[in-house]
Amino acid sequence: MLCAISGEPPQEPVVSKLSGAVFEKRLIEKYIEENGKDPVSNDDLTTDDLLVLQTSRVVRPRPPTLTSIPALLSTFQNEWDALALEAYNIKEQLTRTREELATALYQHDAAVRVIARLTRERDEARDALSRVTVSAGGGGGAAGGDAMAVDAEALPEELAAKIDETKATLSKSRKRRPVPADWTTADDVASFAVTTSNSLDVPQATTVALDGEYAAVGGLDGSVAIYSIAADKAERSLQVNEPVTDSIWTGSKVIVATAKGSVKVYDSGSEVASFSDHAGPVTALALHPSNEILASVGSDKGFIFYDLVNLKRATRVYTSSSLSTCAFHPDGELFAAGTSAGDIKLYMAKTGEEAASFSLGAPVQAIAFSENGYWFAATAKGQTTVTIFDLRKEGAAAQAKVLDIGSAVNALAWDYSQQFLATAGAGEVTVQQYNKSSKKWTEPLRAAVAGGAVDVQWGANAGRLVAVNGDGVVSILAAAQE
């Protein structure tokens with residue numbers, strides 16, 4: 001009898017009830033402990049399935065081949081030859097493994113090179129696209145027929161219906177709407193002065209957005225400080241990690257635009273969405289009156305609408321010039337975009353088709369619509385004047401008024417009562433007032449702000465102005481408390 005595992009005569013033979021094979025007891029028990037199966041039939045096997053064979057105990061004889069020195073030398077030679085063959089096989093396997101590894105590394109390096117080349121070609125294509133003169137919906141073109149026509153994308157049906165619904169509601173309530181009873185008066189505005197000034201850790205600040213008693217101040221260092229007006233301190237910050245060019249605060253969402261082409265949405269302090277659809281810097285943001293549609297414009301000559309409810313891109317429209325600023329009409333039906341060529345183009349929000357165009361003569365810096373729905377104010381980069389346009393007129397007749405502020409204007413903000421137009425300038429903040437009864441413009445406020453102002457926003461009921469300068473200093477202008 002020979003053990004089915006070792007091939008040697010067993011000292012304690014046992015037989016498997018399943019396969020009938022004979023095994024050395026210690027070997028089969030170890031095998032069962034490790035595998036739980038019969039090595040011959042591969043059936044599940046336990047020690048209870050082993051039957052001990054009763055045999056006479058005999059001394060195992062020495063193999064006759066190992067009784068002499070020549071026989072031992074022959075055995076050693078055979079074992080050496082086997083070891084040499086095994087070493088040779090191992091070397092061959094090592095060589096094949098090295099070749100396979102080298103091939104895999106080469107394929108990985110080639111894949112990395114292809115990805116790098118495609119990324120570079122994509123970036124070059126985006127840069128080339130931003131330099132190509134694009135015609136939106138055939139509404140205009142470059143001289144010589146070199147313009148590339150790109151059809152305007154229409155909004156999804158649910159967003160188009162939201163625009164119609166918002167227009168129907170707001171346009172009806174706007175007619176002959178009185179000034180709210182608790183609204184700030186011209187005398188109150190005239191008494192505004194800097195009541196609080198706080199330097200935030202936002203170097204190269206560019207924008208401020210308000211929500212009640214809080215302000216979000218963003219800058220080119222890639223951070224946004226959340227400043228409490230009541231407590232007069234920065235309570236927390238958002239790390240955007242890209243230069244911030246514009247911001248909007250709506251409900252619990254803080255939305256920022258960056259110079260690297262991103263639009264990021266933060267909800268309750270956490271980033272919930274990030275869009276990288278622009279091929280260049282995003283220059284401005286605008287919020288639809290429904291608070292469900294966001295617009296962004298950029299140097300890539302396009303503007304994009306986003307669905308803020310589902311946090312996804314809704315549509316993209318290309319224009320003929322780089323865009324620097326934007327705003328929605330108070331009814332939400334029109335979308336205005338200022339261009340680097342000095343034009344202010346109005347588009348139908350639902351279809352992206354151009355509806356009207358106004359000329360400012362220089363790259364547009366800021367646009368702000370009046371709540372009456374007829375006027376909008378605009379200023380150009382480096383200019384000291386603000387032009388009031390009338391949407392009901394065309395050409396030169398559309399310029400209803402030109403206000404000389406006296407210093408370069410960086411930002412505009414019209415209050416809800418459509419009386420007061422605030423300007424942020426290189427050295428001061430001003431408020432221009434339109435008196436409907438006398439049909440005249442006056443300037444109730446001109447307040448110096450340290451370091452000037454790059455952006456300004458109205459507070460609740462126009463009871464305060466919040467301005468920020470390029471060094472990140474927030475200034476609160478309000479009537480002095482008696």
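A pocket here is an open set of points on a 1 Å grid over the protein atoms alone, where a 1.4 Å probe fits, with protein on both sides within 12 Å along at least five of seven lines; its lining residues have an atom within 4 Å of a point. This is a predicted model, where local features need pLDDT of at least 70, side-chain atom pairs count only at pLDDT 80 or more, and totals for linings use all residues. Residues are numbered from 1 along each chain as its sequence is written.

**Stop one: the pocket.** Select Arg174, Asn372, Tyr374, Gln418 and Lys436. Of the 25 residues lining the second largest pocket, these lie nearest its centre. Two elements give two or more residues to this lining: α3 (157-174) and β29 (428-435). β29 gives the most, with 3 residues.

**Stop two: the helix.** Select 157-174, which is α3. α3 has 18 residues. Colour Leu159, Ala160, Lys162, Ile163, Thr166 and Arg174: they are buried, meaning under 20% relative accessible area (1.4 Å probe, protein chains only), with exposed being over 50%. Look down the axis of α3. The buried residues fall within an arc of 150°, so they line one face of the helix. That arc is taken from the directions from the helix axis to the C-beta atoms. Now turn to the other side, where Glu157 and Lys172 are exposed.

**Stop three: the packing partners.**

How values were computed: Heavy atoms only, no water. Helix = DSSP H or I, 4+ residues; strand = E, 2+ residues; numbered from the N terminus. Expected span 1.5 Å × (residues − 1).
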